[in-house]
Amino acid sequence: MNSRPDQPLRLGTRRSKLAMSQSGHVAEAVRAVTGRPVELVEITTYGDVSRENLAQIGGTGVFVTALRDALVRGEVDFAVHSLKDLPTTQPDELVIAAMPKREDPRDALVARDGLTFEQLPDGARVGTGSPRRMAQLNAYARNLGKSVECVAIRGNVDTRIQFVRDGELDAVVLAAAGLNRIGRGDEATDLLSVDNVLPAPGQGALAVECLASDTELIAALGQLDDPYTRAAVTAERALLAALEAGCSAPVGALADGQIVNEMRLRGVVGTLDGSTLVQLSTTGPVPQSYDEAMALGRELADEMLAKGAAGLMGERSL
């Protein structure tokens with residue numbers, strides 16, 4: 001970190017409206033704790049320019065690699081990612097210096113005519129590019145005695161919502177955090193309960209990443225860290241990593257707490273049609289260290305694999 005106080009810190013961000021908004025919030029917080037100006041450096045990632053289905057181009061990581069390359073090359077000082085976009089393995093040369101307080105982790109429905117999910121007609125066309133959402137939405141609909149047709153879509157928030165406004169789809173499902181961060185949370189017609197649809201591991205949380213060698217910047221950014229968010233997300237990502245090793249089914253996970261000193265971690269994997277879900281939870285003391293959070297996630301993953309999670313979409317070939 002160049003410590004000249006008038007030297008702007010360069011924050012690498014994707015160009016989307018959502019990425020710019022969440023990076024803007026982080027930039028303000030960094031200015032407040034460092035007294036340094038922060039400039040946004042817009043970087044185009046493969047996930048932004050490719051029109052292919054996310055699952056086909058590798059899903060996790062497609063929005064991240066270009067930002068990380070810019071960090072390593074010294075073109076930016078730090079980067080802001082949506083945590084759910086980060087692969088579960090962390091490069092040695094980079095460190096997540098801060099995970100600020102998490103936004104609403106739930107999925108949101110934006111439907112025509114103000115409908116909730118339970119009010120959607122049988123056979124409603126629901127847009128989402130996420131296998132995790134498809135599996136759980138199909139199961140949720142089945143529990144209500146109806147079916148939905150999940151339609152694979154891509155694009156930014158505006159593009160997705162426009163499918164509903166144009167009448168092409170009855171509804172789309174998006175992350176509530178994303179809608180809230182761009183000031184469009186009031187367009188959600190239903191917030192999907194985590195009892196019915198578990199979010200992606202890390203959904204609603206941000207990762208502020210910089211070079212592992214930049215101890216001065218790590219200390220400064222660390223002031224934005226929320227320890228509870230870090231413990232919860234670490235447990236969720238440990239669950240994901242352990243399941244990814246033994247299971248190719250889509251994973252949903254959430255660690256939260258109704259009681260101050262306890263954390264409940266829930267996980268789900270399922271077939272895309274929602275006919276089979278393995279859904280388990282575990283509750284314990286709030287993890288006080290990285291190792292404790294990792295152990296919480298791994299233990300639940302082991303239980304889920306023992307309950308048949310690995311067989312849902314075929315064993316992953318290693």
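In this predicted model, the second largest pocket holds about 290 Å³ of space. Its lining comprises 14 residues, of which Thr88, Gln90, Thr234, Arg237 and Tyr290 are the closest to the pocket centre. Strand S4 (94–98), helix H8 (227–246) and helix H9 (290–306) are the elements that give two or more residues to this lining. Helix H8 gives the most, with six residues. By residue class, the lining of the second largest pocket divides into eight nonpolar, four polar and two charged residues.

A search of the whole structure for aromatic pairs finds one. The ring centres of phenylalanine 117 and tyrosine 140 lie 4.5 Å apart, with the planes at 15 degrees. Planes under 30 degrees apart count as stacked, so the pair is stacked. Distant parts of the chain are linked by this pair, its members being 23 residues apart. Phenylalanine 117 is in the loop between strand S5 (107–111) and S6, and tyrosine 140 is in helix H4. Phenylalanine 117 has a relative accessible area of 0% and is buried. Tyrosine 140 also counts as buried, at 8% relative accessibility.

Serine 130 lies in the loop between strand S6 (124–127) and helix H4 (131–143). Its relative accessible area is 15%. Buried means under 20%, so serine 130 is buried. The side chain of serine 130 reaches the backbone nitrogen of arginine 133 at 3.0 Å.

Terms used. Residues numbered from 1 in each chain as written. Predicted model: local features only at pLDDT ≥ 70, side-chain atom pairs only at ≥ 80, totals over all residues. Heavy atoms only, no water. Helix = DSSP H or I, 4+ residues; strand = E, 2+ residues; numbered from the N terminus. Buried < 20%, exposed > 50% of the residue type's maximum accessible area, 1.4 Å probe, protein only. Polar contact = N/O pair within 3.5 Å; in protein donor to acceptor, adjacent residues only side chain to side chain. 1 Å grid on protein atoms, 1.4 Å probe; cavity = no way out; pocket = protein on both sides within 12 Å on 5 of 7 lines; lining within 4 Å. Points joined across faces, edges and corners; volume = space filled by probe spheres on them. Nonpolar A, V, L, I, M, F, W, Y, C, P; charged D, E, K, R; others polar. Phe/Tyr/Trp six-rings, centres within 6.5 Å; stacked < 30°, edge-to-face > 60°.
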